[in-house]
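Let's take a quick tour of a protein model, one topic at a time. Keep the 3D view open as you read.

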Amino acid sequence: MANRGPSYGLSREVQEKIEQKYDPELESRLMDWIVAQCGGNIEKPQPGKQNFQNWLMDGTILCRLINSLYPRGKEPIKKIPETPMAFKQMEKVSQFLQAAEAYGVITTDIFQTVDLWEGKDMAAVQRTLMALGSVALTKDDGHYRGNRDWFHRKSQGNRREFSEEQLRQGQNLIGLQMGGNHGASQAGMTGYGMHRQIM
């Protein structure tokens with residue numbers, strides 16, 4: 001971890017706003033899901049943002065989580081080495097992020113490695129895990145384990161097909177966004193410059 005001194009002024013205000021987004025209830029739900037998804041041999045940490053960060057920081061649990069969402073033999077992360085070296089742990093977190101994006105989590109929902117490692121934005125870590133759970137629940141391929149009420153299903157596409165006749169009819173309509181001329185009249189209006197002619 002980087003040793004940074006306390007922040008002051010605007011930096012401090014920004015960091016406090018980021019920290020307010022962290023949800024302790026969501027933390028508990030995510031820990032329950034990770035334990036259920038990865039199997040019972042993972043110990044759940046004590047509640048608290050710092051404990052949650054320490055639990056996920058080495059990347060092992062995150063890698064096991066993403067691998068558990070794939071069928072056996074098709075896991076995206078083949079080797080998950082247990083190592084105390086910081087750069088190797090950060091590499092595992094990075095592998096998890098790449099695998100999560102390949103799984104279907106959109107780029108804007110993915111945290112950066114330093115958000116977890118330095119604890120700068122643990123709410124972003126929560127958002128990524130929520131998005132991953134939602135994608136897993138939506139895929140409904142039999143690999144999701146846990147309570148189905150923990151996450152929301154993502155909306156699916158609702159493609160519509162129109163015939164040529166329907167498309168032609170649509171070109172003749174004026175959409176309501178373009179406004180209308182109901183009630184418009186020129187009553188009470190005078191032509192431009194009419195008042196000058198009277199004099």
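Start with helix H7, which covers residues 122-139, has 18 residues and reaches 26 Å from its first C-alpha to its last. That's close to the 26 Å expected at 1.5 Å a residue. Bear in mind that this is a predicted model.

**Helix H7 and what follows**
- H7 is mostly covered, with 16 of its 18 residues buried.
- Just after H7 comes Asp140, which takes a positive phi of about 50 degrees.

**The nonpolar core**
- The largest nonpolar core is made up of 44 residues, and Leu56 and Leu129 have the most contacts inside it.
- At least two residues of this core come from each of these helices: H2 (24-38), H3 (49-57), H4 (60-67), H5 (86-103), H6 (113-117) and H7.
- Which helix gives the most to this core? That's H7, with 10 residues.

**Cysteines**
- Count the pairs of cysteine sulfur atoms within 2.5 Å, and you get zero disulfides.
- Cys38 is buried, at a relative accessible area of 14%.
- Cys63 is buried too, and its relative accessible area is 0%.

**The second largest pocket**
- Rolling a probe the size of a water molecule over the atoms shows where empty space is left.
- The second largest pocket holds about 160 Å³ of space.
- Its lining is Arg64, Asn67, Ser68, Tyr70, Pro71, Arg72, Glu75, His143 and Arg145.
- Sorted by type, the lining residues of this second largest pocket are four charged, three polar and two nonpolar.

Methods: Residues are numbered from 1 along each chain as its sequence is written. This is a predicted model: local features need pLDDT of at least 70, side-chain atom pairs count only at pLDDT 80 or more; totals for chains, interfaces and linings use all residues. Side-chain values use heavy atoms; hydrogens and water are left out. Helices (H or I, at least four residues) and strands (E, at least two) are DSSP runs, numbered from the N terminus. The expected span of a helix is 1.5 Å times one less than its number of residues. Buried means under 20% relative accessible area, exposed over 50%, partly exposed in between (1.4 Å probe, protein chains only). On a 1 Å grid over the protein atoms alone, a cavity is a set of points where a 1.4 Å probe fits but cannot get out, and a pocket is an open set with protein on both sides within 12 Å along at least five of seven lines; lining residues have an atom within 4 Å of a point. Grid points are joined across faces, edges and corners, and a volume is the space filled by probe spheres set on the points. Ala, Val, Leu, Ile, Met, Phe, Trp, Tyr, Cys and Pro count as nonpolar, Asp, Glu, Lys and Arg as charged, and the others, Gly among them, as polar. A nonpolar core is a set of buried Ala, Val, Leu, Ile, Met, Phe, Trp, Tyr and Cys residues joined through side-chain atoms within 4.5 Å.
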